[in-house]
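Here is a short report on one protein chain. Look at the sequence and the model first, then read on.

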Amino acid sequence: KAGTVISITIFGKADTRGIFYRHTAKAGDLVCVSGDFGASSHFLNNIKTSPHKQKHLRPEPQLNLAKEIFKTVDTGTVMDASDGLAQALWEISQKSNKNIFIDAAKVPKAADISMSEALYGGEDYQLVGTFKKVPDNFALIGKVESLNNEAEARAKVIELTSNEILL
């Protein structure tokens with residue numbers, strides 16, 4: 001079967017201050033996010049009635065905010081959450097070999113968006129990171145902790161009902 005394959009490779013140069021990695025979260029770090037989650041997923045789940053059409057059709061990657069973080073924060077972990085907040089948190093916990101706990105009530109989202117859409121929806125193009133203090137234009141949603149007894153690293157959401165949800 002014949003077809004066309006397109007492959008794109010992009011090379012770049014790191015800022016002289018360095019790179020924020022996914023494996024550098026430390027126990028005691030604060031887990032912070034740059035904006036609201038779940039709008040794109042909500043639109044797809046409720047395409048006829050959702051007020052979040054523009055958030056899905058015209059997402060706004062946080063490029064300027066990412067550049068600002070490099071200027072103002074010396075250490076931390078930063079990544080985009082375009083594959084979903086839960087995926088980003090899980091990846092940071094795995095790469096850093098740390099536990100991450102977040103408070104569901106602190107996850108920024110519109111009132112009509114479910115927690116499932118906010119955690120698992122993706123396509124929101126917000127930043128998620130771990131820092132010693134909360135950077136400007138970020139919201140605190142949780143904390144990083146050391147592993148207990150060399151257990152597997154995991155990310156957990158603590159809901160208002162005190163139920164834990166493993167991501």
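## A patch on the surface

A residue counts as exposed when its relative accessible area is over 50%. This model is predicted. I8 has a relative accessible area of 70%, so I8 is exposed. I8 sits in the segment before strand 1 (30-33).

I8 also belongs to a group. Together with I6 and I10, I8 forms a nonpolar patch on the surface. The accessible area of I6, I8 and I10 together is about 430 Å².

## Helix 4

Check the length of helix 4. The helix has 12 residues, and at 1.5 Å a residue they should span 16 Å. The end C-alpha atoms of helix 4 are 16 Å apart, so the two values agree.

Now look at burial. Buried means under 20% relative accessible area. In helix 4, L85, A86, A88, L89, E91, I92, S93 and S96 are buried. An α-helix has 3.6 residues a turn, so residues three or four places apart point the same way.

What follows helix 4? N97 does, and its phi is positive, near 55°. N97 is not a glycine. N97 is found in the loop between helix 4 (85-96) and strand 3 (99-103). With a relative accessible area of 40%, N97 is partly exposed.

E123 has a positive phi too, about 65°, and is not a glycine. E123 lies in the loop between helix 5 (115-120) and strand 4 (127-131). The relative accessible area of E123 is 34%, so E123 is partly exposed.

Notes:
Residues numbered from 1 in each chain as written. Predicted model: local features only at pLDDT ≥ 70, side-chain atom pairs only at ≥ 80, totals over all residues. Heavy atoms only, no water. Helix = DSSP H or I, 4+ residues; strand = E, 2+ residues; numbered from the N terminus. Buried < 20%, exposed > 50% of the residue type's maximum accessible area, 1.4 Å probe, protein only. Patch = residues over 30% accessible without salt bridge, like charges linked within 9 Å, V, L, I, M, F, W, Y side chains within 5 Å. Areas by Shrake-Rupley, 256 points an atom, 1.4 Å probe, with all protein chains shown as cover. Salt bridge = Lys/Arg side-chain N within 4 Å of Asp/Glu carboxyl O. Expected span 1.5 Å × (residues − 1).
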